[in-house]
Amino acid sequence: MPSRAYLAEYCATDYVIKSPEGALHATIGVPIAFQKAPPHTLAHLITAYNPGSVLTADNANQRAHEALYDWIQKEGFLFWRTEAIDPTGAWPVEPGFFIWGLTEKEAHQIARDFGQNAWVAFHPTQDGHWLPILSWTTP
């Protein structure tokens, strides 16, 4: 698992999900509700920006983002666009994707394929909400 500093930064991030019902803000560990959630048992938020939590050139980030988009399209997953926003403004906004129906194993692999330290898994709760959980690509 990456350092405690990374953990604190990931947990403080505002994950904005651009759903058909409008922008929804998610925070690690705080359940959120989707009024019109598709009938899936899991969803995952993944970015291709700044692999390894290292600031990367815009053109390289954009190419990686487009490659992730192409993969999602090829596999036929329903997705919504996202932005991960550092509330301190010290880290640039990272576009990404909220992918419905992706298994935990698939999410882990695709996050690793794009060099990510972590991704956010959303698990349904018994009361109809979705719980964002930080998931690491390394032990």
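## The lining of the largest pocket

The residues that line the largest pocket divide into 16 nonpolar, eight polar and three charged, where Ala, Val, Leu, Ile, Met, Phe, Trp, Tyr, Cys and Pro count as nonpolar, Asp, Glu, Lys and Arg as charged, and the others, Gly among them, as polar. This is a predicted model, in which local features need pLDDT of at least 70 and side-chain atom pairs count only at pLDDT 80 or more, while totals for chains, interfaces and linings use all residues. Residues are numbered from 1 along each chain as its sequence is written, and side-chain values use heavy atoms, with hydrogens and water left out.

The lining of the largest pocket is made of 27 residues, and those that lie nearest its centre are E9, Y10, T13, W91 and E94. The elements that give two or more residues to this lining are α1 (4-12), β3, β4 (79-85) and β6 (118-124), and α1 gives the most, with four residues. Helices (H or I, at least four residues) and strands (E, at least two) are DSSP runs, numbered from the N terminus. The space in the largest pocket comes to about 460 Å³. A pocket is an open set of points on a 1 Å grid over the protein atoms alone, where a 1.4 Å probe fits, with protein on both sides within 12 Å along at least five of seven lines, and lining residues have an atom within 4 Å of a point. Grid points are joined across faces, edges and corners, and the volume is the space filled by probe spheres set on the points.

Helix α3 (residues 104-113) has A107, I110 and A111 as its buried residues, where buried means under 20% relative accessible area, exposed over 50% and partly exposed in between (1.4 Å probe, protein chains only). These residues cover an arc of only 100° around the axis, which puts them on the same side of α3; the arc is that of the directions from the helix axis to the C-beta atoms. An α-helix has 3.6 residues a turn, so residues three or four places apart point the same way.

On the other side of α3, K105 and D113 are exposed. The cover over the buried residues of α3 includes β3, α2 and β6, with contact meaning heavy atoms within 4.5 Å.

Which strand holds H44? H44 is found in β3, and it counts as buried because its relative accessibility is 0%. Its side chain reaches the backbone oxygen of L102 at 3.0 Å, a polar contact, that is, a pair of N or O atoms within 3.5 Å, of which, within protein, one must be able to donate a hydrogen and the other to accept it, while residues adjacent in sequence count only if both atoms are side-chain atoms. Not counting residues up to four places away in sequence, H44 touches several residues, including A107 and W119.

H65 is found in helix α2 and is buried, with a relative accessible area of 8%.

## The loop between β3 and α2

T47 has its place in the loop between β3 (43-46) and α2 (58-75), and at 12% relative accessibility T47 counts as buried. The side chain of T47 reaches the backbone nitrogen of Y49 at 3.1 Å and the backbone oxygen of P95 at 2.6 Å.

N50 also lies in the loop between β3 and α2, and N50 has a positive phi of about 50° although it is not a glycine.
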